[in-house]
Amino acid sequence: MSQQETEQTVFTDDVTDAEEREAAHRERGTARPITVVGNPVLHHPCKTVTSFDDELAALIDDMFASQRAAEGVGLAANQIGVPLRVFVYDCPDDDGVRHVGHVVNPVVDDLPAERRLLDDGNEGCLSVPGAYAELPRPDYAVCRGQDMHGNDVVVEGKGFFARCLQHETDHLNGYLYIDRLSKRDRKDALKQMAESTPKYETVPND
C-alpha cells in the first residue's frame, strides 16, 4: 500500500466514548486466566473467524474483562486459550489518548521504507509475566480487520499504541515478543519470568 493510499484511508474512531465502551464490554464479560509461554495455544497460528455471532461477542466481552483483571493494554484470544484471530485493546498512545477497541482477523500493513522508523521501546507481555526487554518495532502501524459484526475496521496506531497493535497481531500468528529477541535476551526474559510471581491468575503448563 502506498503512502498516498494510507493517507486517504478512513480510520476507525476508537477514541470517542472509550471509557464507556470498555466498561460495557467488561461488565458483560467474565475474567479468565491467562495462558503463559509454553502453552501450545500460544505457539501456533490462530484460526480465521468466520462466524460473527453471539458467541464471538461474548468472547470479546470476556477478553475485555480478562484484560482489565490482568491490568493489560492488549489481549489476544489465545491468551485466554481460544485459538481464534481476534484481539482487544485498551491502550494509550504517546500523547496519552486512550484507544479502546477490538479487531477480528487482523492484518498489519507492510509499511513503505520511508514510514519504517524504528522505536527501541521496552516491551512486556501478560503471557510472559514479570519480564521486559527492549524490542525495535516501527513506531507507526495500520491494522486492518473486522469488528464483531463483520464490518471492516482500519485502526491507526502511533508510538506505544503502534507497538500494541503489532504485538497482538503477532500473538494470533503464533509469535510472542520474546521470539523476536536474540537468544541471550530471550533467555534473560524467561529468567525474569521464572523469578517473578504473576499478579493475576494464569493457566499452569502441565
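Reader: Which residue in β4 stands opposite P92?

Author: This is a predicted model, in which local features need pLDDT of at least 70, side-chain atom pairs count only at pLDDT 80 or more, and totals for chains, interfaces and linings use all residues. Residues are numbered from 1 along each chain as its sequence is written, and side-chain values use heavy atoms, with hydrogens and water left out. Strands (E, at least two residues) and helices (H or I, at least four residues) are DSSP runs, numbered from the N terminus. Within β4, the residue that stands opposite P92 is R98.

Reader: Which residue in the turn of the hairpin formed by β3 and β4 has a positive phi?

Author: Strand β3 (residues 86-92) and β4 run antiparallel and are joined by seven bridges, where two strands count as paired if DSSP finds at least two bridges between them. The hairpin has five residues between its strands, and the turn residue with a positive phi, of about 80°, is G96.

Reader: How many of the 11 residues of strand β4 are buried?

Author: Buried means under 20% relative accessible area, exposed means over 50%, and partly exposed lies in between, with a 1.4 Å probe and protein chains only. Strand β4 (residues 98-108) is largely enclosed by the rest of the structure, because the number of its residues that are buried is eight.

Reader: Which residue of β9 is the bridge partner of V108?

Author: Strand β9 (residues 140-146) runs antiparallel to β4, and three bridges join the two. In β9, the bridge partner of V108 is C143.

Reader: What is the average twist from one strand to the next?

Author: The open sheet has five strands with antiparallel pairing, in the order β2-β3-β4-β9-β10. Its edge strands, each of which pairs on one side only, are β2 (74-76) and β10 (152-158). From one strand to the next, the twist averages 30°.

Reader: What angle does the direction of α2 make with that of β4?

Author: On the β2 side of the sheet, β2 and β3 pair in the antiparallel sense over three bridges, and the partner of L75 in β3 is V88. Helix α2 packs on the sheet and touches β3 and β4, contact being heavy atoms within 4.5 Å. Axes are lines fitted to C-alpha atoms, for helices over the stretch in contact, and angles run from 0 to 180 degrees between N-to-C directions. On that basis, the direction of α2 makes with that of β4 an angle of about 65°.
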